[in-house]
Amino acid sequence: MAELLKAIKGMNDILPPESARWEWLEDKVRALMRRYGYQNMRTPIVEPTALFVRGLGEVTDIVEKEMYSFEDSLNGDKLTLRPEGTAGAVRAINEHNFLYEGGKRLYYIGPMFRHERPQKGRYRQFHQVGAEVLGFAGPDVDAELILMTAALWRDLGLVVGQDVKLQINSLGEPDERLAHRTALIAHLEAHADVLDEDGKRRLHSNPLRILDTKNPAMQPVVEAAPKLIDFLGEASLAHFSAVKQALDVAGIPYEVNTRLVRGMDYYNLTVFEWVTDKLGAQGTVCGGGRYDGLIAQLGGKPAPAVGWGLGMERLLLLLQEVGIAAPSTAPDAFAMVFAGTPMPQVLATLEALRAQGVNVVLNPAGKDGPASPKSQFKKADASGARYALVFGPDEVAQGVVSVKPLREAGEQATRALSEAAQWAPSLLVSAQS
């Protein structure tokens, strides 16, 4: 027997009925994007490695540890499976001069890849929804993106402030961050004996990320560190204030977390995360912020931009944790065919029903013909369908299809007959209790 091949660890198959939950979530996302005027974009899974090194920062965890990078054996190109969506979106905007006619609202849904230890809510192939707004500089767009995520939580049945909580911060502009960086390095150098190996490595390359450490021994030093918000100028504070005011008016509760920095180098001004305490260590469900310098950094004409990304696996875990289930995907009807029934007429009838928008599943015959009525009724019940359509030779000869309610009391068989008649008015139907 041939060896059984299995999927790569951390890259998971998604099969029915689980895949139905994914489709439901994707449908919710697409409906949300239409309401807000966002258009879909699709970019390659494989991009030049330089795109992420230049876009995300050489000393970020993603670039240093997590990227799936390789050399193309045909031409020597250095390529990477995309670890996140924003850099590729900006690359596409620049390459196609897509902001020529003005700002854009875009979104994407798709797989991303990071080489890290798989655990619940964190996988090597994971899926993200991302929303990117390019060409608009005002704080109103920052607020709109946050309000959009709050609307998605409501659409899914999550309670804002209970199931998910909003944290926001401002990273200011580059010159303000530089002044803060100088003060932060001086503070950390004075407590170098407390820093762990990761902190020492980042001290001069990316000290802001040290503030995001989970090391308990470093928390007193981090708490006493200079706060970036204290270095912000009037314009940055005004931008942040406008975002907060919009959230206040909309009634969205939030916490200003001055240690919130996000994991990529490209952010400035507004950053935010939606977090939960229901998933253990994997507490961030959605995050984003403004990245006004990235378009020019990747070779385009300077333009402002802001966006967010959410992990679909983590969001589905949260929905499961709080008891929110996707709607049933059971068919409307399950078609049973008894022995001796001419199949061409059955298939034509089912096509007429489907043309009327009815979801109907046929129980196919085996090589020896249709299964027994008892076996077929058992399958009909297990399918979750509301009705069984019974095709017998006598009924078909008379142009009649029997309808049996599977989820309702017998006295409501008349409703089944009426509903079936609406499905395909040309058909004659009879109700069975």
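**A walk through the model**

Both Lys78 and Glu71 are exposed; here exposed means over 50% relative accessible area, buried means under 20%, and partly exposed lies in between (1.4 Å probe, protein chains only). This is a predicted model, in which local features need pLDDT of at least 70 and side-chain atom pairs count only at pLDDT 80 or more, while totals for chains, interfaces and linings use all residues. Residues are numbered from 1 along each chain as its sequence is written, and side-chain values use heavy atoms, with hydrogens and water left out.

Lys78 and Glu71 form a salt bridge, with 3.6 Å between their closest N and O atoms. The term stands for a side-chain nitrogen of Lys or Arg within 4 Å of a carboxyl oxygen of Asp or Glu, and by this rule the count comes to 15 salt bridges. Another one joins Arg105 to Glu144, where the closest N and O atoms are 3.0 Å apart. Because Arg105 lies in strand S5 and Glu144 in helix H5 (residues 139–156), this pair ties together parts that are 39 residues apart in sequence. Helices (H or I, at least four residues) and strands (E, at least two) are DSSP runs, numbered from the N terminus. With a relative accessibility of 26%, Arg105 counts as partly exposed.

Asp332 and Arg386 also meet through their side chains, in a salt bridge of 3.5 Å from N to O. This pair links distant parts of the chain, 54 residues apart: Asp332 sits in the loop between helix H11 (312–321) and S12, and Arg386 in the loop between helix H13 (373–383) and S14. Asp332, at 17% relative accessibility, counts as buried, whereas Arg386, at 33%, counts as partly exposed.

Arg124, in the loop between S5 and strand S6 (125–134), is buried yet has no salt bridge; Glu116, the nearest side chain of opposite charge, is 8.0 Å away. Leaving aside neighbours within four places in sequence, Arg124 is in contact (heavy atoms within 4.5 Å) with residues including Lys9, Tyr68, Phe113 and His115.

S12 (residues 333–337) is mostly covered, with 5 of its 5 residues buried. Two strands pair if DSSP finds at least two bridges between them. S12 pairs in the parallel sense with strand S13 (residues 360–362) over 3 bridges, and here Ala333 stands opposite Val360. S12 also runs parallel to strand S14 (residues 387–391), joined to it by 5 bridges, and Met336 stands opposite Val390 in S14. Together, S12, helix H12 (residues 343–355) and S13 make a right-handed β-α-β unit: with the strands pointing away from the viewer, the path from the first strand over the helix to the second runs clockwise.

Next come the nonpolar cores. Such a core is a set of buried Ala, Val, Leu, Ile, Met, Phe, Trp, Tyr and Cys residues joined through side-chain atoms within 4.5 Å. The largest has 44 residues, of which Met33, Trp153, Trp274, Trp308, Leu310 and Leu315 touch the most other members. H5 gives the largest share of this core, 9 residues. Not counting residues up to four places away in sequence, Trp308 touches Met33, Leu145, Met148 and Phe272, among others. Apart from this core lies another, of 43 residues, among them Ala92, Tyr108, Met218 and Leu294.

Finally, a few details of the backbone. Pro16 and Pro17 are joined by a cis peptide bond, with omega at about 0 degrees; Pro17 lies in the segment before helix H1 (18–36). Asn97 is a residue other than glycine with a positive phi, near 50 degrees. Asn97 belongs to the loop between helix H4 (86–95) and strand S5 (104–113) and, at 49% relative accessibility, counts as partly exposed. Leu269 likewise has a positive phi near 50 degrees, but Leu269 is found in strand S9 (residues 268–275) and, at 6% relative accessibility, counts as buried.

Methods. Lys, Arg positive; Asp, Glu negative; His and termini not counted.
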